[in-house]
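Here is a briefing for a reader new to this structure. Look at the sequence and the model first, then read the points below.

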Amino acid sequence: MCGIIGIVGAAPVTDRLIDSLKRLEYRGYDSAGVAAVVDGHVERRRAKGKIRALEAVLDQEPLVGTVGIGHTRWATHGAPAERNAHPHRAGRVTLVHNGIIENYAELREELKAKGHTFESDTDTEVIAHLLDHTLDSGLEPLAALKATLDRLTGAYALGILIDGEDELVMGARRGSPLVVGHGQGEMFIGSDALAVGPFTNRITYLDEGDYVAIDHRGARIFDAAGAPVTRPERIVSAAAALVEKGNYRHFMEKEIHDQPDACQHTLSAYVDAVNAATVSPGVDFTKVDRLQIVACGTASYAGMIARYLFERLADLPCEVEIASEFRYRQPALAPGALALAVSQSGETADTLAALRWCKTRGIQTAALVNNHESTMAREADVLFPTHAGPEIGVASTKAFTSQVAALTAIAVSAARQRGRIDAHEEARLASILLETPRLIAQAIATEETVRQIAGDIAKARDVLYLGRGAMFPLALEGALKLKEISYIHAEGYAAGELKHGPIALVDEATPIIVIAPTDELFDKTASNMSEVIARGGRIVLITDEAGAAHAPEGARVIVAPACDPVIAPLVFAAPIQLLAYYVAVQKGADVDQPRNLAKSVTVE
Ligand code: F6R
C-alpha cells in the first residue's frame, strides 16, 4: 500500500509530484521518490524516510521536467532504504508500483539468467526488468506493457516512464487502485482522487486489469484483454481543503475534534430529523435473515458494536468476522444473508476479497465506506456511505465513530422494517441519535482530565482495557489505539473474562482502563473493579456522573456525559481516543504516522 502519482504536464511537475505525495503519505512513508523526463532522458531522486527527506534531496539536486512520476512507500519486500525506494529503473524503464508481485522470485531468476542485474530487494524491480526485456524484442511500449502484465501474478498499480517517450506516462491496475485525472492540456494518474485533487476534479476510475497511456492529448485505456475501452469520467469532490491540519498539532487531534461534525453529516444521511424517523438505507431487511459483517482492525470493532444493536433491536442474527480469516474459511452463507463490508478506505485488500467472495456466491452485499469512490463502494450491491470526510491520521477516529453512527441508525431502521419496534420507539431512538453530536462534543471536553491521566499511563509497560456489552469492543479499540500510536503493549478484555486469566497480570504497575457507563451491567463491572483493587491494581474509570459516584477508592475518573446505552459507544469513544493521543504525545511518538503502519492496507 504505497501511493503513486504520474503527471504529463504543461509546466514543470516536481513541486506538484511532491504536493501529491504529501496527500498520499497516509498510504506509506518509509521512503519516497520522483522521476522526470529531463532533456530526453529520465532522471530520478529518491530518499529514505518521509517526503520531507526527498524534498531535502531535491533542494540539493533539483529535477526539472514537465512529465514525471512519484511514489511514497510502505515496505513489503526489502527494508526501508534508498536502494529499495521507487522509482525503480532497468534499461529504458523507470516505474513506480503499489502492490505485491507474488511470482517475482521466479521472474527474477529467469531475468538474471538472461543477464539482468538487480540493485534492490524489491518485488517491483522485476517489473522494470521484464518490461525492458520485452521492449528489447521490438514491441511498442503499450504492447510491451500488456505482454509484461500478462506475466505478473499478484497486485499492482503502476506508473511508468520510458526513455525516448518524452510525453508518455503509462499506468496499469490489478488489485490496487488507480485513477486517471483529466486536466486542461494536462493528464494525471494517481492512487486515488485525493492524489490528483489539487489539479483536477475530473476523474476516471480504471477497472480491474485495465492499463492506460496518458499524454497531452488525453488517455487511451485498454482492458485486460488489450481491447480499447471507454471508462466514464466523473466529477468528484476533491475535498482538497479538508486535508489540512488547521490549528491542531496533529491530524489525529483534529479528527478527534471533527467527530461531532462527522457524525452529524453521517447521521443526516440515515435519520430524518424533521420527522424523527430513520431513512431506509436501501436494503429490505424483512428479506434478510442473517447479517455477516466483515472488516479489519478498528472497522471490525465498529462491526462488533453493531452486532449488539442488530441482534437486540432488530432481532437479526449477526456475525462479525475479521476479513483476513473470513476470506479463507469457506464460510457457509445461505442466500438470505446480507454481507456487509465495513471500511474507511473501501480498499482494504482482505475486506475487499471477503466482499467479492460473497458476491461470487450470490450473496447480497453492502459496503459501509467513507471513500465513496472506492472499489468496495463501486462493487457492492448497496452503498452505505459514511460522511466523515478524508481521514489522514493513520489511527482511525472520526471514521470509526461515523461507522458506528451509521450502523446504529441502520439497525434502528432494520428493527422498524422487521416490526420489532413501532413508530413511537423509532422516533425515540432517532431523537437519541440526533443528540449524539452534542454529547460527543461534551465527551471531548474531558480532554484536560484525560491529558493529565495520560502522563501516568505513558510510564506503563502494559495496559489493560475492560468493558462489558458494547463497551467490550470499545475496550478492544482503546487497546488498539494505544498500542498503534504509543507502542505500549495493551489488551482489551470483556470485563467478565478478567478472572479467567488476565487478572494474573494485575499489579500496581499495570493501569486498568475500565469503560463503564451506568447501564444494566454497571454493577457487574463494579465487582470486577473491586477484584482489581483488591490485588493492588490501578484503575482509570471512564464513566458518567452517576457511575463516578461509585468509583472505587483510589481510582482516577474521567466523567463523560450520561447518555442512552444505544449511543454510549459513540460518546465513550472520544475519551478513549484522547487517552491514546495524549499518551503518544507524552512519549514524543509520531502520532499521525506511527512506525510500520499505513493508512490504507491494500495488500494481504
Ligand atoms: C486502526 C486502523 C486500522 C483500520 C484497518 C481497516 O486505527 O485504522 O485498524 O481500521 O486497517 O481499514 P479500513 O477501514 O480502511 O478498511
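**Briefing**

Thr543 is buried, with a relative accessible area of 0%. Buried means under 20% relative accessible area, exposed means over 50%, and partly exposed lies in between, using a 1.4 Å probe and protein chains only. This is a predicted model: local features need pLDDT of at least 70, side-chain atom pairs count only at pLDDT 80 or more, and totals for chains, interfaces and linings use all residues. Residues are numbered from 1 along each chain as its sequence is written, and side-chain values use heavy atoms, with hydrogens and water left out.

- Thr543 sits in strand E26 (residues 538-543). Helices (H or I, at least four residues) and strands (E, at least two) are DSSP runs, numbered from the N terminus.
- The Thr543 side chain reaches the backbone oxygen of Ala516 at 2.6 Å.
- Leaving out residues up to four places away in sequence, Thr543 touches residues including Ala516, Pro517, Phe522, Val557, Val559 and Phe572. Contact means heavy atoms within 4.5 Å.
- Thr94 belongs to strand E6 (residues 93-98). Thr94 is buried too, with a relative accessible area of 0%.
- The side chains of Thr94 and Arg89 are joined by a polar contact of 2.5 Å. A polar contact is a pair of N or O atoms within 3.5 Å; within protein, one must be able to donate a hydrogen and the other to accept it, and residues adjacent in sequence count only if both atoms are side-chain atoms.
- Beyond its neighbours within four places in sequence, Thr94 is in contact with residues including Ala35, Val42, Ile69, Pro87 and Ile160.

**Helix pairs**

- Two packed helices are described by the angle between their axes and the distance between the axes.
- The axes of helix H9 (residues 297-314) and helix H16 (residues 471-486) come within 8 Å and cross at roughly 170°. Axes are lines fitted to C-alpha atoms, for helices over the stretch in contact, and angles run from 0 to 180 degrees between N-to-C directions.
- H9 and H16 are therefore roughly antiparallel to each other. Angles over 145 degrees count as roughly antiparallel, under 35 as roughly parallel, 65 to 115 as roughly perpendicular, and the rest as oblique.
- On the H9 side, the meeting residues are Gly297, Thr298, Tyr301, Met304, Ile305 and Tyr308. On the H16 side, they are Phe472, Pro473, Leu474, Leu476, Glu477, Leu480 and Lys481.
- By class, the contact of H9 with H16 has nine nonpolar, two polar and two charged residues. Ala, Val, Leu, Ile, Met, Phe, Trp, Tyr, Cys and Pro count as nonpolar, Asp, Glu, Lys and Arg as charged, and the others, Gly among them, as polar.
- Helix H13 (residues 398-417) and helix H19 (residues 568-586) have axes that come within 10 Å and cross at roughly 170°. That makes H13 roughly antiparallel to H19.
- Phe400, Thr401, Val404 and Ala405 of H13 make the contact with Pro569, Leu570, Ala573 and Gln577 of H19. These residues divide into six nonpolar, two polar and no charged.

**Covered helices**

- Seven of the nine residues of helix H5 (residues 141-149) are buried, so H5 is largely enclosed by the rest of the structure.
- The buried residues of H5 pack against helix H4 (125-136) and strands E7 (156-162), E8 (169-174), E12 (211-215) and E13 (218-222).
- Helix H1 (residues 14-24) is mostly covered, with eight of its 11 residues buried. Among the buried ones are Arg16, Leu17, Ile18 and Arg23.
- The cover over H1 includes strand E1 (3-8), strand E2 (31-38) and helix H2 (51-60).

**Backbone and loops**

- Most residues other than glycine have a negative phi, and most peptide bonds are trans.
- The peptide bond from His86 to Pro87 is cis, with omega near 0°. Pro87 lies in the loop between strand E4 (67-73) and strand E5 (88-90).
- Asp315 has a positive phi, near 55°, and is not a glycine. Asp315 is in the loop between H9 and strand E19 (318-322), and is partly exposed at 44% relative accessibility.
- Gln330 also has a positive phi, of about 55°. At 56% relative accessibility, Gln330 counts as exposed.
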